[in-house]
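Have the model open in a viewer and follow the selections below in order. Each stop says what to select and what is there.

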Amino acid sequence: MDYISNIGGHRDSLESWHDDTRHVTAQPDPLQLLQKLHSSLDPRTVFACYGKQLLQYLPLSGIYCKFGELELRWGRLKGIKLMHEVPVGDAEAELEYYLQMPLSIGEMLVLQQLEPLLSQPLNNAVRYQQMASQAMFDALTGLGNRHFFGQAFRTVLARAQRSRNQVSLLLLDLDNFKQLNDQMGHHYGDKALVRFGEIIRRSIRRCDQPFRLGGDEFAILVEGDVSAAVSIANRILQYMQTETLFNQQNVTCSMGIGAWQPHLNQDQLFNNTDAALYRAKSAGRNGYALAE
């Protein structure tokens with residue numbers, strides 16, 4: 001049976017509220033814990049630090065946290081469950097503590113002392129993660145943005161230089177998209193861009209990275225040779241043919257494919273692939289061309 005306790009407004013399980021003679025052998029240092037929690041801006045690292053510190057004072061097996069869409073886990077989620085709600089920013093995080101045995105009164109007082117310290121570090125980490133995500137991903141399609149593409153492009157080519165891995169670049173452009181936007185409106189155009197982003201995701205593998213460079217221009221960094229990029233291009237063309245949204249407005253896709261070679265730098269590979277894209281458009285669109 002659960003109840004709402006009068007101490008701190010927490011919702012506790014009766015089984016985890018136990019008056020016995022156990023005492024906390026070590027006294028926690030709240031300032032030290034707070035400093036450790038503030039040392040990272042990764043929500044998972046902050047949460048793991050919180051769990052490790054509590055383990056020094058409580059018979060803890062694990063902790064689960066639900067904060068908006070974020071779910072965090074630390075340790076083993078087995079044992080007696082103790083449920084609390086902790087304010088984090090303007091919202092509340094739902095915490096589930098999993099205990100090896102019921103808490104004594106002294107241990108419960110320790111938890112009440114340390115638990116509020118999680119609020120600000122976790123909120124800072126979540127907000128930082130959100131801002132970082134907004135800086136790296138396109139808000140409409142959820143694909144990487146142009147800034148992220150530049151960083152990822154440099155990283156992939158640097159890794160290829162060291163390991164001689166094969167890397168290919170796929171540049172994509174929607175044909176007749178401006179006509180769709182003008183005739184149907186930007187709301188319909190945005191819907192088409194979102195759907196095209198979904199087609200790209202369905203067409204690539206986990207090792208490939210998709211991006212929206214702006215407007216109706218997209219890119220894919222392909223971990224593999226030209227044949228791997230061609231397979232992706234063919235899948236995209238097949239999915240486009242089955243989309244009523246595109247077929248009704250005669251929207252197709254033109255693509256350029258370029259393979260990295262040791263003598264090519266980032267700009268050269270991009271320019272060669274971009275030239276192939278425009279050859280595909282000049283050849284009648286709705287297809288792809290390979291970089292020379």
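Start by selecting Leu 171 and Ala 219: Leu 171 stands opposite Ala 219 in strand S9. This is a predicted model, in which local features need pLDDT of at least 70 and side-chain atom pairs count only at pLDDT 80 or more, while totals for chains, interfaces and linings use all residues. Residues are numbered from 1 along each chain as its sequence is written, and side-chain values use heavy atoms, with hydrogens and water left out. Helices (H or I, at least four residues) and strands (E, at least two) are DSSP runs, numbered from the N terminus.

Now show strand S7 (residues 167-175) with strand S9 (residues 217-223). The two pair in the antiparallel sense over seven bridges; strands count as paired if DSSP finds at least two bridges between them.

Contact here means heavy atoms within 4.5 Å.

Next, pick Phe 218 in strand S9. Is Phe 218 buried or exposed? Phe 218 has a relative accessible area of 1% and is buried (under 20% relative accessible area; exposed is over 50%, partly exposed in between, with a 1.4 Å probe and protein chains only). Leaving out residues up to four places away in sequence, its contacts include Leu 171, Leu 193, Phe 196, Ile 200 and Phe 211.

Move to helix H2 (residues 43-55). Its 13 residues should span 18 Å at 1.5 Å a residue, and the end C-alpha atoms are 18 Å apart, which agrees; the expected span is 1.5 Å times one less than the number of residues. Among the buried residues of H2 are Val 46, Phe 47, Cys 49 and Tyr 50. Their cover includes helix H1 (30-37), strand S3 (60-67) and helix H4 (119-136).

Finish with H1 and H2 together. They pack at about 155°, with axes 9 Å apart. The two helices are therefore roughly antiparallel (angles over 145 degrees). Leu 33, Lys 36 and Leu 37 in H1 meet Val 46, Cys 49, Tyr 50 and Gln 53 in H2.

Methods. Axes are lines fitted to C-alpha atoms, for helices over the stretch in contact, and angles run from 0 to 180 degrees between N-to-C directions. Angles under 35 degrees count as roughly parallel, over 145 as roughly antiparallel, 65 to 115 as roughly perpendicular and the rest as oblique.
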